[in-house]
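Here is a friendly walk through one protein model, written for someone who likes to know the cut-offs behind each term. Please have the viewer open as you read.

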Amino acid sequence: MVLNDQWVSVWVGSASNEESLQRVLSLAYTEDGDVTPSPIMVQTGMGLYDEACVETELRGGHFSNWEEALEGHSYLDSFLSDLKRSATPRPDPSDKAFVLFYGTPFTGDIPAYSDDSVQLRLIGSFRYHLA
């Protein structure tokens with residue numbers, strides 16, 4: 001691996017509101033400082049992540065391409081071409097929730113999360129380069 005190469009895992013879907021989305025992603029801690037896994041970790045088998053390295057957004061509208069859907073997210077230019085070549089070359093018209101986990105690639109068991117108010121699916125894990 002080239003120094004300064006990193007991973008971003010891109011998840012998209014829907015959420016009833018920002019509070020619901022944050023609930024799915026929030027880690028809890030015991031009095032001893034041990035981490036209690038977030039709901040998305042439990043359901044998907046996702047490994048531990050740094051909450052400071054997660055970008056979330058709920059957006060309205062229809063996005064015809066990934067540039068529009070993920071506009072303003074960190075390092076987008078460095079992984080956009082790989083994202084476009086993925087199995088999902090453009091966002092679904094129903095995609096309104098966007099979650100980017102920066103740090104490590106997704107190595108869980110189930111590439112989707114679903115509950116009463118949040119539905120997310122993994123688009124893929126992509127390398128990005130620190131400028």
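Let's begin with S9, which lies in strand β1; helices (H or I, at least four residues) and strands (E, at least two) are DSSP runs, numbered from the N terminus. At 3% relative accessibility, S9 counts as buried, a word that means under 20% relative accessible area, with exposed meaning over 50% and partly exposed in between (1.4 Å probe, protein chains only). The S9 side chain reaches the backbone nitrogen of F106 at 3.1 Å.

A word on the source: this is a predicted model, in which local features need pLDDT of at least 70 and side-chain atom pairs count only at pLDDT 80 or more, while totals for chains, interfaces and linings use all residues. Residues are numbered from 1 along each chain as its sequence is written, and side-chain values use heavy atoms, with hydrogens and water left out.

**Aromatic pairs**

The model holds eight aromatic pairs. Rings of Phe, Tyr and Trp (its six-membered ring) pair if their centres lie within 6.5 Å; planes under 30 degrees apart count as stacked, over 60 as edge-to-face and the rest as tilted. Two of these pairs are set out here.

| Pair | Centre distance | Plane angle | Type |
|---|---|---|---|
| W11 and F101 | 6.4 Å | 75 degrees | edge-to-face |
| Y75 and Y102 | 6.2 Å | 65 degrees | edge-to-face |

Together with Y49 and F106, W11 and F101 form one aromatic cluster.

**The largest pocket**

How many residues line the largest pocket? There are 14, and M46, G47, Y49, T104 and P105 lie nearest its centre. On a 1 Å grid over the protein atoms alone, a pocket is an open set of points where a 1.4 Å probe fits, with protein on both sides within 12 Å along at least five of seven lines; lining residues have an atom within 4 Å of a point. The space in the largest pocket comes to about 150 Å³. Strands β1 (5-15) and β5 (97-103) each supply at least two residues of its lining, and β5 gives the most, with three.

Strands β6 (residues 112-114) and β7 (residues 118-129) run antiparallel and are joined by three bridges; two strands pair if DSSP finds at least two bridges between them. S114 has Q119 in β7 as its bridge partner, and a hairpin connects β6 to β7 through three residues. S117 is found in the loop between these strands, β6 and β7, and is buried, with a relative accessible area of 16%. Its side chain joins that of R23 in a polar contact of 3.1 Å; such a contact is a pair of N or O atoms within 3.5 Å, and within protein one must be able to donate a hydrogen and the other to accept it, while residues adjacent in sequence count only if both atoms are side-chain atoms.

Technical notes
Points joined across faces, edges and corners; volume = space filled by probe spheres on them.
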